[in-house]
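Welcome! Please take a moment to look over the sequence and the 3D view before reading on.

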Amino acid sequence: MRILALISRIIQQLRKDKRTLALLFVAPLLVLTLMYFIFDSEASDLTLVVTDVNNRVIELLDESDFDISKEETYSIEQMTEEKMDGWLHMEEDELVLSLLNDQPSRSGSVKVLLAQTFNVGNVAANPSINTEYVYGDEETKIFDIFSPMLVGFFVFFFVFLIAGIALLNERTSGTLERLLATPIKRFEIVTGYVIGYGLFALIQTIIVVLYSVNVLNIVLEGSIWLVLLINILVAFVALSLGTLLSSFASSEFQMVQFIPLVIVPQVFFSGIFPIEGMAEWLQQLGKIMPLYYASDALNGVMYKGFTFSDITFDLLVLLCFAVVFIILNIVSLKKYRSI
Amino acid sequence: MNVINLQHVSKSFKKRHVIKPTTLFIEEKKIFGLLGPSGCGKTTLIKLIVGMLKVDSGEITVLGKQVPNASLLREIGYMAQSDALYSELTGEQNLEFFAKLFGFSKSERKDRIQYAANIVQLTEALKVPVSSYSGGMKRRLSLAIALIQNPKILILDEPTVGIDPLLKKSIWNELERLKDEEDKTIVITTHVMDEAEKCDYLAMMRDGELIATGEPTELKAQYNAQNFDEVFLKIGGDL
């Protein structure tokens, strides 16, 4: 009987909480749909540039599955700019294959397909190909590619939750209302929050970055200062988004519900999974997500050795996200005090 | 002189009238009691006066300035119905925080904290985290916070709920002293009828409407009642 009382109370409570119910039933569908599109997408064709290689080889390559482009002259710079997977060329009578290696799995595929093509064509006279790597080397592991993104992800995740719950507590305990009965200005509250929690986010960022690089030996080609700068911006975006969304939550429980809606989709678009093969509209979806820019910048600096000028755009976008969210925060406080 | 004027003020939430058009004047240096059952709109009316809610129609002026006005927030000491305190911090840290919001210097803060804590008899417990305070201590700390900036007007939403009779008496003595010696205007809400006797002037509310105003003795005479329970029941009519 008492068990029944408990069961019916739980049903009554949950039926009142429409949001939780919706999340319980709909959020898995959302995440599954995203995963369907991401894993179902076909890998795009491998792209290969060929310069001054003998015609026999070119004929063979034309028949293969490569997306071939023939150029008179070519350079590594052009290759990185056009994001070609490979460049086959002659150097001092030896065949050289330069691999971009921004995704180690694609580099592997290029090597396998090339070996197959030469086998079919029986190019036995062509003994060895020298392989060079633009980014990383033969040892590059998948983890090297997405560990920079993971660093950004964890900074985002924890700062988002902690800052969101902190402001939520202030709302539910009534202290926010009490605060707004003093002459404090709305922008002062938001700025105080951003700087106060920003300090802790900064310390967290420093610990995470130093640990990843020094203890876990995650590759770091570029400057550690840039990595810190990117992550600080990520923390600000997470902080301002967390506090903003907390105004749409009435309990910690509802705050946690934002994880599948806000955090999980960002993971799918942040570079762990290849998105080149996805439908165009789906790729565009990634561009409204802060973590897309964060991981692009982090991957650039940590793996590809990018400098400040290479990631300026990403940094600017992240900054814009933070500024917009902060302004929205200030506006949303109007709910508590009209001035 | 009236320090608070309400002219035809009304407020509704989701089409439900919480405050029906109300006109009310509150004189300075008086203890003004807003009396009424729970849910009659007392808290809403108070939030309108403080400027935390916006009126739908009508006009409120406090100290001659139209509400909402940022400079008025300094002149109003507000004590909310629920204790809005930072429970991780000590009583002193709570007071210090609010004192800083009003821009007091370090030495002023020390004086103000001592003064406010002394009034509510919390000096001994200042170094203790609020999480281990009793319900009454939390109410007293909330009152101390309302006093911290030495405001001209004190607006207290059910300040004596959960406080034992002895402390209640001392708080009332202090409110009267604040009124007499420091010229403060005090607006207080209550649904405890014996507190109504202590107010200089009363407004009785029901269902978002003012149903009677006047001095306690006037009201009692008018309704031919011994105490305010009776007045209330008579005004309630068929209840």
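In this report, a salt bridge is a side-chain nitrogen of Lys or Arg within 4 Å of a carboxyl oxygen of Asp or Glu. By this rule, the count over all chains comes to 18 salt bridges. Please keep in mind that this is a predicted model.

Two of these pairs are set out here.

| Salt bridge | N to O distance |
|---|---|
| B:K47 and A:E177 | 3.1 Å |
| B:E209 and B:K20 | 4.0 Å |

How many salt bridges does the rule find across the interface of chain B and chain A? It finds 1 salt bridge there. Between chain B and chain A there are also 3 residue pairs in polar contact, with both residues at pLDDT 80 or more.

The size of an interface is often given as the accessible area lost when the parts come together. Here chain B and chain A bury about 1600 Å² between them, and 65% of it is on carbon and sulfur atoms.

Now let us turn to a pair of helices within chain A. The axes of helix α6 (residues 142-172) and helix α9 (residues 224-246) of chain A come within 7 Å and cross at roughly 35 degrees. The crossing of α6(A) past α9(A) is right-handed. Residues of α6(A) in this contact include A:V151, A:F156, A:F160 and A:R171, and those of α9(A) include A:N231, A:V237, A:L241 and A:S246. By class, the contact of α6(A) with α9(A) has 15 nonpolar, 6 polar and 1 charged residues.

Finally, two spots in the backbone of chain B deserve a look. A cis peptide bond, with omega about 0 degrees, joins B:V67 and B:P68. B:P68 is in the loop between β5 (65-66) and β6 (76-79) of chain B. B:L63 is not a glycine, yet it has a positive phi of about 50 degrees. You can find B:L63 in the loop between β4 (57-62) and β5 of chain B.

Definitions and conventions:
Residues numbered from 1 in each chain as written. Chains lettered and ligands numbered in written order. Predicted model: local features only at pLDDT ≥ 70, side-chain atom pairs only at ≥ 80, totals over all residues. Heavy atoms only, no water. Buried area = accessible area lost by both parts, 1.4 Å probe. Polar contact = N/O pair within 3.5 Å; in protein donor to acceptor, adjacent residues only side chain to side chain. Axes fitted to C-alpha atoms, helices over the stretch in contact; angles between N-to-C directions. Helix = DSSP H or I, 4+ residues; strand = E, 2+ residues; numbered from the N terminus. Left-handed = near helix turned anticlockwise from the far one by under 90°. Contact = heavy atoms within 4.5 Å. Nonpolar A, V, L, I, M, F, W, Y, C, P; charged D, E, K, R; others polar.
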